[in-house]
Amino acid sequence: MESLNSTERTVFGSALGLFALLFVAPVVADENDGLEEVIVTAQKVEQNVQEVPISVSVIAGSFIEEAGANNISDLNGMSPNVIFQTMALVPNTASISTRGIGFFDTDPFADQKTQVLIDGIPHARITGLGHDQIDIERIEVLRGPQGTLFGRNSLAGTVNIITRDADSVPGLTARFSTGEYGLTKYVVAAESGQVLNDSVRARITISNRQYDGHITNAFNGNQLSSQDSNSLRLKLGHSLTNVETTLTYYQVDEDMYGIPKSNLVQDPFGRLDGDVHLINLDIDGFNNSSEAGFTLLSDINLRAGTISIAANSHDSDFLLYTDLDGRAGTHPPAPGRNPKLKVNIGFDIDHAQESLEVRFHEAYSDRWDYVAGIFVFWEKSLRLFYQNIGPPFSRTLEFEDSVLTTIAKQDTDSFAVFAQTDFHVNERISLVAGGRLTNDTKSANVGNYGLPPPAPQRPPIILENTTTWDQPTWKLGAKYETSDSLMWYVTISTGYKAGGFTSRATVAENVGPYDAEYVRNHEAGVKANLFENRVRLSGAVFIADYADLVGWVRRTNSTGRGTEPIHENLGDVSFSGLELDSTWLITSNLNMDFSIGMLGAAWENFIVDLNNDGIATDNSHLDILMAPKLTAYGAISYTTELGSKKLEYSLDARFQSRYNTSGESNDEIFYRPTTTLFNGSITFAWRTNGSISLFGRNLLDKTAPRMNQRTSLFPVAIYEPPRTLGLELRLSY
């Protein structure tokens, strides 16, 4: 690990001081006037987070609302060793890195490395993960492989977004927001309360967000990144004597005008004109995306235990059209045989998935506490790729005149059986053991048809392949409760991500398949409640070995004149680090949260032909992408009582040290510099039925890049949104 600079040493020193409290502070039993208990489902059942032998961060939905957050990228920096970012070229997506294992590919054939769940249901594609989220009860961020209970694609970690259930009391709540850059937003939720002999309850939530965008196209004066987002969520709860069932329907539609990226050719990093939010492009492009689905969750309570059923059907559509060459006008000329051509691309991704999980949880034995189940997953992905390179191959640069050149399809069938148990040796010591066997079968079909005349003609290329992967994952561990307020644990856990294919490929050998990826993680941690339950601490150290990491390489395409990015197994990586989460109830009116993550990541083996020159070279000197060696988060809130009213002040800071955002080069232009972002809010609340808040994001107006990536020809960057102030009114009846 590289040496720390002065800022990083200060943050690290503060963390060590907090960690030392575990050894010098008196440990006492919980008191009712201390911190509230935090419940999570990190092990498929509801538990106090302090009893779970996993490194977990929990973000409350109320905090997300007060901070003016809209989507998952707004949570970046709140969990140690975790990055939530958006893609540089593709909006409404989420690029997530957990403990240095990052993923940022919109290829619908590619699986995630940090699994994202919504109410326990996997969201299989990163397209759509950047949509606005509503009705959030809490977000659980599980770090480290979760292969036993959560299965495929959780080799880095798991993010579980838990939405609010219908309440037993009727009511109506509304939130109205307005802010800079044309921001307007409303969220309205209605509760039926218990009806039909107190057996049924319902909650419906609708929202709309309008945003004019903070990026100006100097070429034509248009505002880019403007959004129109609409969401609907309907939850029905049904109760019988021994059965609790929740049925959810959800729908999200988002339209974005203009793709918020830099000019690839003339100003690839958006800095030459002195304004990173002012760019020049021939065409603004657009992104239209939608998703909808049903989720059924049911718990059947029997004498022997509980049978849980989780079923889901989900459909999504994602259409993007953007300027690929990034030129304004005709200067400078594009490289290649046709320097005057302007190149634009579009792709339409249709995705359908269905999943079913049935599990049994035994909770009545004094010695055994186990969960066992099966998981079945079906998925169909379709990617239509369009090109428009202007006259003479097309009349205009509009999407309507583009040409469909590639049709890529993939079917996925996945089946898994799993079990995990806690064996309580005595009141203080428990052993943990679990395993999962997963079978993944993928069938890919890629057809490339080329451009119509007068473009150079070639025969269609149809590529097909079917491959199956079988992979066991397991977990072993132990936890020791030295008192009711202090628990130590050690675990060895594994994670797995199936191999696959590349939908962008135009040559048979570029399609794949590539091999599966595998992680083994060794972890030791401690969780404690201190000072009469006024301080809650959770710490962990870990060492992980990552085998057969999959990433991008460039290979010659079917024309022989260019390259295409494809997936390939690159090599092995080792990780090590430290994580600390803490919450402090300093007084009844003053609360503080603090977390820190330290990470070391390095290639153990990285010998591959990375530059498509036919020669495999040792590339282990390259930095791991999206792996900052230090992350820290601090938040403080203070409440002043004013009779039946109150005034609350909140401020948070999010620190991330310098890290590589490309992984293909150590050139300085591909690094996000060390950055600290500040957000805050002031809330005036009267009784329990109303409040008004002034919130601000990026208060110091930092212009740090969110993501720097290399396209096939040029680099491209996007930046943090500028300082944005807003006002929100909340009413409840």
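Predicted model: local features only at pLDDT ≥ 70, side-chain atom pairs only at ≥ 80, totals over all residues.
**Entry 1: the second largest cavity**

I then looked up the volume, and the second largest cavity holds about 360 Å³ of space. Its lining counts 27 residues, and Phe104, Val550, Gly551, Trp552 and Leu625 sit closest to the centre.

Which strands supply at least two residues of this lining? I found strand 6 (101-103), strand 28 (535-556) and strand 29 (563-585). Strand 28 has the largest share of the lining, with five residues.

**Entry 2: the largest cavity**

Next I turned to the largest cavity, where I read off about 870 Å³ of space. I noted 50 lining residues here, with Ser73, Asp74, His214, Arg706 and Pro721 nearest the centre. By class, I have 21 nonpolar, 18 polar and eleven charged residues in the lining of the largest cavity.

For the strands, I listed those that each bring at least two residues to this lining: strand 11 (171-179), strand 12 (183-191), strand 13 (200-211), strand 37 (675-686), strand 38 (690-697), strand 40 (715-719) and strand 41 (724-732).

**Entry 3: the whole structure**

Last, I wanted the overall tally. How many cavities of 30 Å³ or more does a search of the whole structure find? The search gave me 15.

How values were computed: Residues numbered from 1 in each chain as written. Heavy atoms only, no water. 1 Å grid on protein atoms, 1.4 Å probe; cavity = no way out; pocket = protein on both sides within 12 Å on 5 of 7 lines; lining within 4 Å. Points joined across faces, edges and corners; volume = space filled by probe spheres on them. Helix = DSSP H or I, 4+ residues; strand = E, 2+ residues; numbered from the N terminus. Nonpolar A, V, L, I, M, F, W, Y, C, P; charged D, E, K, R; others polar.
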